[in-house]
Amino acid sequence: MMKICVLGLGYIGLPTALLFAAHGVNVVGVDVKQSVVDCLNHGNLPFSEPGIESLYGEAKDRFFARTEPEAADVFLIAVPTPLDPATKVSDLSYVKNAAEMIAPHLREGNLIILESTVPPGTSERVVIPRLEKSGVAAGEFLYAHCPERAIPGRTLQEMAGNCRIIGGYDRDSTDRATAVYQTFVRGQIYQTDTRTAEFVKLMENTCRDVNIALANEFAQLAEECGINVWEAITLANKHPRVTVLNPGPGVGGHCIAIDPWFLTENSTRCRMVATAREVNDSMPNYVLHIARSMLAGIRNPTICIFGVAYKGNIGDTRESPAFKFIQLAENEGYTVRCHDPHVKEFPHSLMDATDAVAGSDCLIILTDHDCFRTIDPAGLRMRTKLVIDARNILDHEKWTDQGFAVRVLGDGSPIQPVPLAGLMAPAGLYPADATRPVAPSSSPSFSLLSPNGRGGYL
Ligand SMILES: NC(=O)c1ccc[n+]([C@@H]2O[C@H](COP(=O)([O-])OP(=O)(O)OC[C@H]3O[C@@H](n4cnc5c(N)ncnc54)[C@H](O)[C@@H]3O)[C@@H](O)[C@H]2O)c1
């Protein structure tokens, strides 16, 4: 029976290890964090993901966690490959360390699979030479890069159902890795070489990032033109060869916000990818700009952020645009409250929905959690009735009916007049004019031109 040693028991490594074990493979899961190993060996899971508990139940007789690798037929590396935020260069230290940990156990005929996302050429330049320190040469051991493309929230479904790219060092490596994945993968398997596989994974996420940046620029242009980008996108997407993505308050997550830098870190010529990153990274500034316009005249504003996860219906906050938005809003002098029913841990304290909105001046939807779509505005006890919907998920008519001034990211169409009483600030907020409406009467009064002239809002 095959034995696999999986290095890295995080969001990717653990589900992969459990899928192999649930399909009859003996799996040793290795993590350098003793807490992760202890958690698993006590029958618990270090994080939640739909379906993972029952999978663990099926896998646990063939899965053991350790802090050190041991001899196996296959070694699979799924360790982090973060971006150094200062230099925008990949940090390959975890991958290097994993390869060095495998080397003493490596034997002729073993297969080593790298699942971690890496810049093109990393397998040849960084991983294989470290594995060869074992005294066994590439060719005598088999090697493949098999990038992972599953998304949080659907990890198990996608790991088994998605097609996969397998980039082998040589023919034998590619075929052996294909056979190993066929243990549980139902999707089509496409074979290539290691460097192409590394490149393809980065290309996919870069393509999404650039297209989101384009949607974000469309949103800003639409506001300048006085139209609603969401309606415009729906119409443009009726074209059989056009797919415009949705704009939003920024791009987060472990892949799309990072992988484009991996693709370009060795390039001296390419500019579009970096510009797209800049546009997407500037979207929290753009949302702040909208908030500043709406909150003008309110003394000591309190804002309430709904959603700090980087995307809807998950609790993952890695690279979430909420971090930057919160920092900008606090620097602006706002008191910031956050609510996210999916997130368990966050550096800014999380409040329950009622406490977060109570007495606040502006509700800002940053994440498209389904539960936010049906919020009843009638039940909100806010000091000032302002809402910014950066994801276009609210029933805006319902909110304006309850007296809210609603701003939707990308909607520059004139706002329907709202009953004046609903827009009144509570007495005492405006010493000079206590009846001054809080919200502007129409969006074109905002200055939406990009200050840096490059489409970014930095
Ligand atoms: N999470 C995703 O959605 C996703 C999707 C596609 C690809 N990826 C890629 O997969 C890789 C892993 O990502 P992740 O999200 O699972 O990371 P993660 O941070 O959730 O987990 C990585 C685990 O590896 C452990 N680790 C670090 N060095 C180790 C070593 N030498 N030996 C054993 N364990 C070690 C860490 O302690 C951690 O528990 C990254 O390259 C990432 O870019 C992630």
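In which sense do S9 and S10 pair, and over how many bridges? The legends below begin with that pair. This is a predicted model, where local features need pLDDT of at least 70, side-chain atom pairs count only at pLDDT 80 or more, and totals for chains, interfaces and linings use all residues. Residues are numbered from 1 along each chain as its sequence is written.

View 1. S9 and S10 pair in the parallel sense, over five bridges; strands pair if DSSP finds at least two bridges between them. Helices (H or I, at least four residues) and strands (E, at least two) are DSSP runs, numbered from the N terminus. Gly168 faces Asp193 of S10 across this pair. Together, S9, H7 and S10 build a right-handed β-α-β unit; right-handed says that, with the strands pointing away from the viewer, the path from the first strand over the helix to the second runs clockwise.

**View 2. Strands S1 and S4 side by side.** Four bridges join strand S1 (residues 3–7) to strand S4 (residues 74–77) in the parallel sense. Look for Cys5, which stands opposite Phe75 in S4.

**View 3. The open sheet of five strands.** Here the order is S12-S11-S13-S14-S15, with parallel pairing. Strand S12 (335–339) and strand S15 (405–408) are the edge strands, each pairing on one side only. The twist averages 20° from one strand to the next. Strand S11 (residues 302–306) pairs with S12 over five bridges in the parallel sense, and Ile305 has Cys338 in S12 as its bridge partner.

**View 4. The shell around the ligand.** Of the 29 residues around the ligand (C-beta atom, placed from the backbone, within 6 Å), Gly8, Gly10, Tyr11, Ile12 and Ser116 come nearest. Helix H4 (residues 93–102) gives the most to this shell, with four residues. By class, the shell has 16 nonpolar, eight polar and five charged residues, where Ala, Val, Leu, Ile, Met, Phe, Trp, Tyr, Cys and Pro count as nonpolar, Asp, Glu, Lys and Arg as charged, and the others, Gly among them, as polar.

Conventions:
Axes fitted to C-alpha atoms, helices over the stretch in contact; angles between N-to-C directions.
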